[in-house]
Structure formats: C-alpha cells, structure tokens
Amino acid sequence: MLLQRLYVLVFIEHGTRRLYIAGVTANPTGPWVARQARNLAMDLGAGMEALRFVIRDRDAKYTQAFDAVFLAEDVQVICAPPRAPRANAICERLVGTLRRELLDRILILGAVHLRRVLAEYAVHYNGHRPHQSRNQRHPDADPSMPTPVVDLTGRRIKRRPVLGGLINEYEAA
C-alpha cells in the first residue's frame, strides 16, 4: 500500500555504534515491539552477555513484555526522562543520520522495500561508514588492530556504489 506511514524499530550499541534494524511495521503495538526484542535477543545469542543496559523512551508501546526480554538476559532497562532527547543522544543521532543519508533521498514504495533498503544500508553502516567517536573506524572494525594509514599517492581509487549509487564506498584499488 502506497502513501502510508511506516515505523522502524532500531537498536544501536553505544560502544561500537553497531546498528540493528529490528523491524518495520505500519502499526507498532506492544506485542510487536516485544517480539522484535525477542528476535534481537535470539539474533545476538551469546552477544547479549556483553550488554549491560537498554535505554528506551517512555512510549506506551514498550510494555512489560519488552522489558522482560532484556531482564531475562540480566540487561537493565533504563527509561529516558520525559522530554529529554539528549538522554539517548546516540540513537537520536542515528535516526537523523538515517533520515539525512537515506530516507530523505529515496522514495520508499512500501514496507518490503523499506526493509530491503534498511538492510542494505545497515551493511554499509556497520561495515564501511567511519565514526569520529571510534577514531574513523566502522562498527565492525577490530578494536585491537591499529587504525590503518593509507597513502593514496599514485594509487587508483575503487568506488563501489551502494543502494544504486545513492551512497558510494571507496577503497584503494
């Protein structure tokens, strides 16, 4: 169905800035949000042990079932204070990035299209997009490895288009 509002549930790890697209729906409800949290917990598997906190806003869609998913994994759920967008600034910044770099530049044709576009963008974001807070590394970069310094003098540059050329990734050829 065209011209309908779609909602996206995203999670981001503060330390690594790793993006997880949990789901897309036209009608977000408490049970849907809880199901997406369970799916995330299953996808992360043993990676849930590394998490200590989940910061969420006070929307009524985040029910006790949502909180229970994380409490069962010994992850503390923290509710952001009312009307305090800076309390979860990293996620707010991510939402702005998604809008500026992706959603404001592409016409979304429906939920399936949005899922596909977000999945491709998440691969780019986690595997190639540098972050200043991570010393210009992408979220999937190994933190034990030193930041590589690439001398591009006299070398060719290879461009790889992402999302049909909406975004480009560059590397030394």
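**Helix contacts and ring pairs**

Y121 and Y125 are about one helical turn from each other, because they sit four residues apart in helix α4 (residues 111–127). Helices here are DSSP runs of H or I with at least four residues, strands are runs of E with at least two, and both are numbered from the N terminus.

Some ground rules. This is a predicted model, in which local features need pLDDT of at least 70 and side-chain atom pairs count only at pLDDT 80 or more, while totals for chains, interfaces and linings use all residues. Residues are numbered from 1 along each chain as its sequence is written, and side-chain values use heavy atoms, with hydrogens and water left out.

Now the overall picture. The protein chain has four helices and six strands, in the order β-β-α-β-α-β-α-α-β-β along the sequence. Its C-alpha trace spans about 60 × 45 × 30 Å along the principal axes. Of the 173 residues, 35% are buried; buried means under 20% relative accessible area, exposed means over 50%, and partly exposed is in between, with a 1.4 Å probe and protein chains only.

Next, helix packing. Two packed helices are described by the angle between their axes and the distance between the axes. The axes are lines fitted to C-alpha atoms, for helices over the stretch in contact, and the angles run from 0 to 180 degrees between N-to-C directions.

How do α1 and α2 pack? Helix α1 (residues 30–44) packs on helix α2 (residues 64–71) at about 15°, with the axes 8 Å apart. That makes the two helices roughly parallel. Angles under 35 degrees count as roughly parallel, over 145 as roughly antiparallel, 65 to 115 as roughly perpendicular and the rest as oblique. On the α1 side, V33, A34, A37, R38, L40 and A41 meet A65, F66, V69 and F70 of α2; contact means heavy atoms within 4.5 Å. By class, these residues are nine nonpolar, no polar and one charged. Ala, Val, Leu, Ile, Met, Phe, Trp, Tyr, Cys and Pro count as nonpolar, Asp, Glu, Lys and Arg as charged, and the others, Gly among them, as polar.

Helix α3 (residues 89–101) meets α4 at about 115°, with the axes 12 Å apart. That makes α3 roughly perpendicular to α4. L94, T97, L98 and E101 in α3 touch L118, Y121 and Y125 in α4.

On to the rings. The structure holds five aromatic pairs. Rings of Phe, Tyr and Trp (its six-membered ring) pair if their centres lie within 6.5 Å; planes under 30 degrees apart count as stacked, over 60 as edge-to-face and the rest as tilted. F11 and F70 have ring centres 6.2 Å apart and planes at 55°, so this pair is tilted. F11 lies in strand β1 (residues 7–12) and F70 in α2, so the pair ties together parts that are 59 residues apart in sequence. Both F11 and F70 are buried. Back to the opening pair: the rings of Y121 and Y125 have centres 6.0 Å apart and planes at 40°, so that pair is tilted. Y121 and Y125 are both buried. Ring pairs also link F11, Y62, F66 and F70 into a cluster.

One last residue. Is Q36 buried or exposed? Q36 counts as buried, because its relative accessibility is 8%. Q36 lies in α1 and touches L9, A22 and G23, not counting residues up to four places away in sequence.
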